[in-house]
Amino acid sequence: MVVDDEALVRSGFELILNTSDDIQVVATADGAHATEVIRREAPDVVLLDIRMPDVDGLTVLRQVRALPEAPVVAMLTTFDTDEYILTALRSGAAGFLLKDTEPEQLAHLVRTLAAGGVVMSPKASRALLRSHPGAGAPQDADVARVALLSDRERDVLVLVAQGLSNADIGTRIHLSAGTVKDHVSSILTKLRVSSRVQAALLAERAGLLGGNTAQDTGW
């Protein structure tokens with residue numbers, strides 16, 4: 001489902017995504033009607049505009065996250081630096097992407113979200129880390145918590161930050177999805193974060209991702 005205050009944006013995303021055989025846009029809506037439509041249509045993934053004049057994206061995000069079976073939500077923004085992005089990530093968004101994402105990448109990003117992966121626009125995430133010192137500058141306590149991770153957990157964390165699902169991580173490093181799930185749970189506990197997105201941000205802040213992460217499925 002696509003939520004945006006501009007009809008042209010909604011129809012454009014719908015047209016692009018519906019060209020994929022394995023993706024169906026079940027509905028589109030503006031902010032005022034978003035939560036009602038999400039309850040009715042029960043989409044797996046919601047692409048949600050973060051800035052809307054009637055009901056803003058953060059309000060919709062909080063409403064959707066409170067639903068009994070909340071969908072995966074990624075925030076849409078037109079800005080490289082958006083002061084609301086950090087709040088959205090802390091409120092449970094599964095990532096964010098710029099509205100000018102290449103059309104051929106859009107379906108791939110939705111599949112990543114549906115599989116439980118993290119989606120971060122590389123351009124916007126780097127700008128976010130630069131523009132929010134509290135989020136972007138490594139802090140001693142954060143680095144210390146990363147040091148608690150085993151070598152295998154560090155490997156898993158890097159792949160989480162690249163947007164891979166548990167199944168894809170397992171395939172990459174020859175582990176079962178269940179074992180990867182256990183590693184992810186341990187990582188979240190050790191890092192004292194509540195989501196994969198927050199773990200991915202911390203991995204970037206701690207310098208685990210180096211400079212080779214500017215890809216549309218992750219950083």
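Modeller: A helix here is a DSSP run, H or I, of at least four residues, and helices are numbered from the N terminus. The model is predicted. Twelve helices and six strands are found in the chain, which has 219 residues, 51% of them buried. The helix to look at is H3, which covers residues 57-65.

Begin at the N-terminal end of H3, which is capped by Asp56. A side-chain oxygen of Asp56 lies 2.9 Å from the backbone nitrogen of Leu58. Leu58 is also one of the buried residues of H3, together with Gly57, Val60, Leu61 and Val64. Viewed down the axis of H3, these buried residues fall within an arc of 160°, so they line one face of the helix.

From Gln63 to Ala34 the C-alpha distance is 9.5 Å, although 29 residues separate the two in sequence.

Other pairs in the chain can be described in the same terms. Leu15 is part of helix H1 (residues 7-17) and counts as exposed because its relative accessibility is 63%. Leu15 lies 8.7 Å from Val25, C-alpha to C-alpha, with the two ten residues apart in sequence. Glu6 sits in the loop between strand E1 (2-3) and H1. With a relative accessible area of 43%, Glu6 is partly exposed. The C-alpha atoms of Glu6 and Ala29 are 9.3 Å apart, and the two residues are 23 apart in sequence. For the chain as a whole, take the contacts between residues at least 6 apart in sequence: 67% of them join residues at least 24 apart.

Further along the chain is a pair of packed helices. In general, two packed helices are described by the angle between their axes and the distance between the axes. For helix H11 (residues 177-191) and helix H12 (residues 196-205), the angle is about 65° and the axes are 10 Å apart. The crossing of H11 with H12 is left-handed. H11 contributes Val184, Leu188 and Leu191 to the contact, and H12 contributes Arg196, Ala199 and Leu202. By class, the contact has five nonpolar residues, one charged residue and no polar ones.

Two loop residues complete the account. Most residues other than glycine have a negative phi. Arg192, in the loop between H11 and H12, has a positive phi of about 60° although it is not a glycine. Arg192 counts as exposed, at 68% relative accessibility. His174, in the loop between helix H10 (166-173) and H11, also has a positive phi, near 60°. The relative accessibility of His174 is 72%, and it counts as exposed.

Methods
Residues are numbered from 1 along each chain as its sequence is written. This is a predicted model: local features need pLDDT of at least 70, side-chain atom pairs count only at pLDDT 80 or more; totals for chains, interfaces and linings use all residues. Side-chain values use heavy atoms; hydrogens and water are left out. Axes are lines fitted to C-alpha atoms, for helices over the stretch in contact, and angles run from 0 to 180 degrees between N-to-C directions. A crossing is left-handed if the near helix is turned anticlockwise from the far one by less than a right angle, and right-handed if clockwise. Contact means heavy atoms within 4.5 Å. Ala, Val, Leu, Ile, Met, Phe, Trp, Tyr, Cys and Pro count as nonpolar, Asp, Glu, Lys and Arg as charged, and the others, Gly among them, as polar. Buried means under 20% relative accessible area, exposed over 50%, partly exposed in between (1.4 Å probe, protein chains only). The arc is that of the directions from the helix axis to the C-beta atoms. A polar contact is a pair of N or O atoms within 3.5 Å; within protein, one must be able to donate a hydrogen and the other to accept it, and residues adjacent in sequence count only if both atoms are side-chain atoms.
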